[in-house]
Amino acid sequence: MSKHAFCFIVRVCASSYMNLFVMESEFEELKKIVLKCNACELSKTRNNVVFGDGNPNGKIMCIGEGPGYYEDMSGRAFVGKSGKLLDKIFEASGFSRNEHIFIGNIVKCRPPENRDPKPIERETCLPFLLKQIELIDPKIIILLGATALKGLIDPNASITRLRGSWIEWNGRLVMPTYHPSALLRNPKLKRDVWEDFKAVIDKYREVVDPKHFCKNH
Ligand code: SF4
């Protein structure tokens with residue numbers, strides 16, 4: 001290898017490393033701010049702010065509605081029954097939170113009695129989610145359920161009409177699907193969600209890693 005080519009590679013690697021370092025420190029700064037946030041009414045009843053979980057360098061971001069009881073108590077995203085089901089779906093797709101996915105929510109504090117977040121709460125919390133998306137820079141976003149779809153894309157959108165079809169949003173590919181809690185209430189929806197995840201696997205192979213391994217698809 002020529003000296004010129006070697007220097008070029010070192011510069012590219014150093015620049016990628018610096019970008020990663022800047023992203024990670026910005027992400028940690030954002031987390032510190034969010035964990036202290038009192039900007040909406042939900043701060044009065046929460047136990048913990050749930051910033052999100054997974055790999056912030058992953059190329060897929062999953063977005064749900066908001067923390068439930070177990071998430072509020074632990075400060076971690078999707079750790080209750082819905083979270084366990086979601087992890088099974090990830091596993092069946094060859095994905096994991098450690099490597100491929102970061103999971104967040106439309107609101108980062110639990111609405112009392114798991115009610116839907118109010119529009120004002122969604123709007124107040126949205127800039128945090130938008131900043132997470134900017135920093136994580138996912139190639140694919142999976143929206144879990146109606147609140148995530150309405151909160152990010154369009155307040156009038158219907159999850160039953162749009163699930164399973166790709167939406168282009170701010171230069172990113174978005175796949176709306178049902179929330180895992182809907183699958184717990186109605187297991188017949190599992191078939192639809194698996195179809196949606198198969199489309200995500202195909203797209204991941206197309207835009208991120210052609211060698212992505214999934215034994216089921
Ligand atoms: S839900 Fe969001 S905006 Fe409201 S207090 Fe929690 S972090 Fe802040």
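Predicted model: local features only at pLDDT ≥ 70, side-chain atom pairs only at ≥ 80, totals over all residues.
Six strands make up an open sheet of mixed pairing, and their order is 1-3-2-4-6-5. Strand 1 (53-54) and strand 5 (167-169) stand at the edges with a single partner strand each, so one side of each has no neighbour in the sheet. Strands of a sheet pair through backbone hydrogen bonds, in either a parallel or an antiparallel manner. Strand 4 and strand 6 run parallel and are joined by five bridges. Ile 140 stands opposite Leu 173 in strand 6.

**Helix 8**

Helix 8 (residues 190-207) contains 18 residues, and the span from its first C-alpha to its last is 25 Å, close to the expected 26 Å. Its buried residues are Val 193, Phe 197, Val 200 and Tyr 204. Seen down the axis of helix 8, these buried residues fall within an arc of 50 degrees, so they line one face of the helix. An α-helix has 3.6 residues a turn, so residues three or four places apart point the same way. Arg 191 and Glu 195, on the other side of helix 8, are exposed.

The buried residues of helix 8 pack against the elements in the following table.

| Element | Residues |
|---|---|
| Strand 2 | 60-64 |
| Helix 3 | 81-92 |
| Strand 4 | 140-144 |
| Strand 6 | 172-177 |
| Helix 7 | 180-185 |

**The ligand**

Of the 14 residues around the ligand, Cys 37, Cys 40, Ser 43, Cys 109 and Cys 125 come nearest. The shell consists of nine nonpolar, three polar and two charged residues. Helix 4 (residues 119-136) gives the most to this shell, with three residues.

Methods:
Residues numbered from 1 in each chain as written. Helix = DSSP H or I, 4+ residues; strand = E, 2+ residues; numbered from the N terminus. Expected span 1.5 Å × (residues − 1). Buried ≥ 20, exposed ≤ 12 C-beta atoms within 10 Å, placed from the backbone. Arc of directions from axis to C-beta. Contact = placed C-beta atoms within 7 Å. Near = placed C-beta within 6 Å. Nonpolar A, V, L, I, M, F, W, Y, C, P; charged D, E, K, R; others polar. Pairing = 2+ DSSP bridges.
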